[in-house]
Amino acid sequence: MLPAFDARRRLPSEVDLTLLWSGLILLLLGMVMVYSASIAIAEAGKHTGNHPAYFLIRHGVFLVIGLIAAGLAFQVPLQTWQKISPWLFVAGFVLLALVLIPGVGRDVNGARRWLALGVANLQPSELMKLFAVLYAADYTVRKMPHMHDLKKAFLPMAAAMVAVGVLLLKEPDFGAFVVIISIAIGILFLGGMRARLFAILIVVLVAAFAILIIVSPYRRDRIFGFMDPWSDAFGRGYQLSHALIAFGRGELFGVGLGASIEKLFYLPEAHTDFLLAVVAEELGFAGVVTVIVLFALLVQRAFVIGQQCVALDRLYPALVAQGVGIWLGVQGFINMGVNMGLLPTKGLTLPLMSFGGSGILANCVALAVLLRVDWENRQLMRGAKL
């Protein structure tokens with residue numbers, strides 16, 4: 001009995017408990033809030049069978065699948081992830097191309113972002129975020145001797161990202177494009193890209209994004225709606241105005257779990273893109289701060305784990321860990337900014353919390369990979385061989 005007792009005592013030091021519990025709390029809180037935000041639309045929808053727990057049940061199934069996939073992903077060494085990362089990236093690219101084929105990709109609200117799999121839909125752009133982290137880290141490690149060379153280091157990656165960007169913008173999924181570009185550029189910078197080249201690149205990207213907005217009428221409308229949602233509160237500013245009303249109603253501690261008014265057919269996409277607005281209304285400022293702190297802890301732990309990898313001379317795992325941190329941080333920041341009226345409206349979900357099977361699956365696997373990086377670090381520091 002004594003060895004088993006000792007093993008249990010050593011168990012907490014096997015993984016980063018702050019990272020693990022932050023992720024689990026966000027997943028569980030997300031499940032509660034998805035149920036609360038979706039009851040009304042589930043009861044009223046014909047495709048839901050008027051079942052109030054329709055979205056809760058589906059979200060629960062997605063969460064179980066995500067956790068099983070995470071358990072399997074945790075068993076995979078980072079060496080293996082590095083070997084298969086180019087193939088995963090190619091697979092993601094093929095899936096993005098399949099979405100655009102008429103009759104194969106599924107249209108929802110004017111966007112073609114999903115592949116119908118019978119009982120559920122697959123959104124390849126969510127998986128591509130994970131594949132971009134794994135591939136960009138591998139690419140950076142392979143190009144490390146040439147990181148100061150624009151032609152050898154940056155241009156091949158730029159070509160790959162442009163190809164992915166073209167497919168994403170065809171869907172259109174501008175939000176996913178921004179996140180994937182942020183991941184790739186962030187990993188390249190952390191891998192040793194010159195600060196001057198990085199600054200030039202940022203200027204070019206800002207100019208490119210500005211052009212994409214100017215030439216696209218619906219993106220221009222979103223910008224103007226974001227700047228003054230109340231000037232057209234029943235048109236282009238509708239979503240943001242109701243999100244702001246939800247934040248205002250919540251005040252310090254909220255109106256109470258389940259008591260939101262805005263989720264009652266006023267706030268569109270309440271259980272997906274605007275879940276934080278429902279959190280703000282029902283749980284108040286305290287609830288929003290809790291969510292922000294949990295995300296901050298996730299990102300902070302990702303970068304600390306990456307720094308530990310660097311100290312252990314493990315460059316690929318370091319870039320993967322920090323790439324996951326960039327992904328969750330950037331997407332979380334954009335979603336929160338949109339909900340609070342700080343950024344233009346974008347179709348990006350809140351990682352780990354919003355309804356969506358592909359997003360939950362990709363997020364759970366990403367956290368598992370991050371926990372694996374940390375676990376391998378701890379094994380090496382104990383003198384074990386991987």
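Predicted model: local features only at pLDDT ≥ 70, side-chain atom pairs only at ≥ 80, totals over all residues.
Asp138 is buried, with a relative accessible area of 5%, where buried means under 20% relative accessible area, exposed means over 50% and partly exposed lies in between, using a 1.4 Å probe and protein chains only. Residues are numbered from 1 along each chain as its sequence is written, and side-chain values use heavy atoms, with hydrogens and water left out.

Now to the partner of Asp138. The side chains of Asp138 and Arg142 meet in a salt bridge, with 3.0 Å from N to O, and by salt bridge I mean a side-chain nitrogen of Lys or Arg within 4 Å of a carboxyl oxygen of Asp or Glu. Because Asp138 and Arg142 are 4 residues apart in helix 5, which covers residues 124-142, they are separated by about one helical turn; helices here are DSSP runs of H or I with at least four residues, strands are runs of E with at least two, and both are numbered from the N terminus. Arg142, for its part, is partly exposed, at a relative accessible area of 43%. In general, side chains of opposite charge can pair when their charged atoms come close.

How many salt bridges does the rule give? The count comes to 9 salt bridges. One of them joins the side chains of Glu14 and Arg382, at 3.1 Å from N to O. Glu14 lies in the loop between helix 1 (2-10) and helix 2 (17-44), whereas Arg382 lies in the segment after helix 13 (357-381), so this pair ties together parts that are 368 residues apart in sequence. Arg382 is partly exposed, with a relative accessible area of 43%.

Let me turn to how two helices pack. The axes of helix 11 (residues 275-311) and helix 12 (residues 315-339) come within 8 Å and cross at roughly 160°, where the axes are lines fitted to C-alpha atoms, for helices over the stretch in contact, and angles run from 0 to 180 degrees between N-to-C directions. Helix 11 and helix 12 are therefore roughly antiparallel to each other, since angles over 145 degrees count as roughly antiparallel, under 35 as roughly parallel, 65 to 115 as roughly perpendicular and the rest as oblique. The residues of the contact of helix 11 with helix 12 divide into 19 nonpolar, 7 polar and no charged, with Ala, Val, Leu, Ile, Met, Phe, Trp, Tyr, Cys and Pro counted as nonpolar, Asp, Glu, Lys and Arg as charged, and the others, Gly among them, as polar.

Next come the cysteines. A disulfide is a covalent bond between the sulfur atoms of two cysteines, and it is counted here when a pair of cysteine sulfur atoms lies within 2.5 Å; by this rule the count comes to 0 disulfides. Cys309 counts as buried at 0% relative accessibility, and Cys364 is buried too, with a relative accessible area of 4%.

Finally, some backbone details. Most residues other than glycine have a negative phi, and most peptide bonds are trans. Which bond is cis in this model? A cis peptide bond joins Glu171 and Pro172, with omega about -5°, and Pro172 is placed in the loop between helix 6 (150-170) and helix 7 (174-190). Phe265, although it is not a glycine, has a positive phi of about 75°, and Phe265 counts as exposed at 51% relative accessibility. Glu269, also not a glycine, has a positive phi of about 55°, and Glu269 is partly exposed, with a relative accessible area of 31%. Phe265 lies in the loop between helix 10 (238-250) and helix 11, and Glu269 is placed in the loop between helix 10 and helix 11.
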